[in-house]
Amino acid sequence: MQDRKNPLPLLVALVSLLLLPLATAEAQPQAEFGEDVEVEEVALDVLVTDRQGNVVVGLDPDDFIVREDGEPVEITDVTFYSNRRFLESEAVAEELGLDPEAVPTDRYFILFFDDPRRFLPRLSRQTLDAARWAKRWVEGDLQPNDYVAVVRYDYELTLVQDFTNDEEELTEAIDATASGKTPPAGEVRGDAPESLLPHWPEGRHLDEIDLIYEALETTALAAGTIPGRKNLVLFSIGFGETNTAGFYTPDPRYYPDMKRILNDNNVATYAVDLLPTTAFAAGPRTVLSNALSNLAADTGGTYYFNFANFITPLESISRETNGYYLITYRSPHPRGETGYQEVTVDTENPRLRVNVREGYRYGEE
């Protein structure tokens with residue numbers, strides 16, 4: 001029986017019980033009060049080339065520096081994608097620390113012809129010339145795991161050819177594009193592991209597309225479910241508006257959304273100017289080509305404007321996309337909010353060239 005005349009043991013027991021939660025709290029730090037956040041898993045497609053445009057292989061997380069708002073983030077994984085040109089030799093693969101069987105190999109290209117003849121018929125020669133060299137590129141540069149789709153935008157958006165690596169089908173599709181022919185409904189086919197068709201609009205939804213911005217958005221959305229990087233080769237003279245001083249200005253109504261959708265769906269734009277500087281002297285219209293330069297930079301592609309013929313940029317695109325890195329990391333953002341996060345990517349070696357989209361959209365709209 002407890003001794004009521006001596007309450008000390010009871011007090012000691014009560015104090016011990018009161019201190020127990022405090023000790024537990026001290027041993028296990030509590031979450032700090034503050035802003036409620038959710039963590040976003042971010043994946044960036046990064047091209048790394050040397051000064052000659054050759055893909056650099058064998059890099060790992062320690063070779064990259066990724067920053068958000070100027071602060072470095074912790075990289076969780078780096079995967080190298082290649083068309084196997086660099087991994088055909090087991091000895092080379094072993095030296096680079098790469099497993100040839102574990103490296104994804106398929107490449108997807110979309111040849112997108114923004115046909116200027118709908119308002120500038122005299123540019124027919126440039127369009128036909130681009131098509132001619134595109135056929136030569138298909139016949140001479142494609143690798144076994146390269147798949148190409150052909151899209152035309154003139155008075156309407158047309159999927160001329162779904163992804164395939166059949167040279168005959170592709171050359172016929174490019175010829176049809178150059179001549180302005182539209183394949184009958186239901187006859188567009190492809191034989192690649194992935195396809196644009198399941199998400200390609202039909203009927204009135206297709207008829208409602210009447211701007212180049214919407215045409216590019218639609219193409220990007222159709223390609224969005226395809227894993228990895230998609231390379232959109234845009235043949236165009238440019239688009240957009242000019243201000244009172246005659247300078248190009250991105251249209252705030254359409255350009256930001258188009259850029260976001262291309263980035264969200266991992267579609268890099270390689271813009272090929274249909275009026276290269278070696279063919280035409282700079283004139284008032286060429287100011288719109290700044291849109292091509294901006295779009296390429298904003299989506300991790302390249303803008304080509306100074307070349308003798310169209311095979312030059314096409315071969316450069318093939319070379320630059322022979323391999324790329326998929327970098328993943330985790331980034332916190334306020335819960336329930338949406339926004340656009342800009343990102344910078346560098347390598348520890350400053351002599352290497354890095355090509356990457358400028359950011360990503362977070363949160364659900």
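Start by selecting helix α7 (residues 255-264) and helix α8 (residues 290-298); α7 passes α8 in a right-handed crossing. (Helices are DSSP runs of H or I with at least four residues, strands are E runs of at least two, and both are numbered from the N terminus; a crossing is right-handed if the near helix is turned clockwise from the far one by less than a right angle, left-handed if anticlockwise.) The two axes come within 10 Å and cross at roughly 40°, with axes being lines fitted to C-alpha atoms over the stretch in contact and angles running from 0 to 180 degrees between N-to-C directions.

Before moving on, note that this is a predicted model, where local features need pLDDT of at least 70 and side-chain atom pairs count only at pLDDT 80 or more, while totals for chains, interfaces and linings use all residues. Residues are numbered from 1 along each chain as its sequence is written, and side-chain values use heavy atoms, leaving out hydrogens and water.

Now show side chains: Y255, M258, K259, L262 and N263 of α7 meet N294, L295 and D298 of α8, contact meaning heavy atoms within 4.5 Å. That gives four nonpolar, two polar and two charged residues. (Nonpolar covers Ala, Val, Leu, Ile, Met, Phe, Trp, Tyr, Cys and Pro; charged covers Asp, Glu, Lys and Arg; the others, Gly among them, are polar.)

Next, select helix α3 (residues 124-141) and helix α9 (residues 311-320), packed at about 35° with axes 9 Å apart. This crossing of α3 past α9 is right-handed. On the α3 side, look for W133, A134, R136, W137 and D141; on α9, pick I311, L314, E315 and S318.

The structure holds eleven aromatic pairs (Phe, Tyr or six-membered Trp rings with centres within 6.5 Å; planes under 30 degrees apart are stacked, over 60 edge-to-face, the rest tilted). F109 and W137 have ring centres 5.4 Å apart and planes at 85°, so this pair is edge-to-face. F109 sits in strand β5 (residues 107-114) and W137 in α3, so the pair ties together parts 28 residues apart in sequence.

Last stop: which residues line the largest cavity? Select D45, R229, N266, V267, A268, T299 and R357. (On a 1 Å grid over the protein atoms alone, a cavity is a set of points where a 1.4 Å probe fits but cannot get out; lining residues have an atom within 4 Å of a point.) By class, this lining has two nonpolar, two polar and three charged residues.

Key: 1 Å grid on protein atoms, 1.4 Å probe; cavity = no way out; pocket = protein on both sides within 12 Å on 5 of 7 lines; lining within 4 Å.
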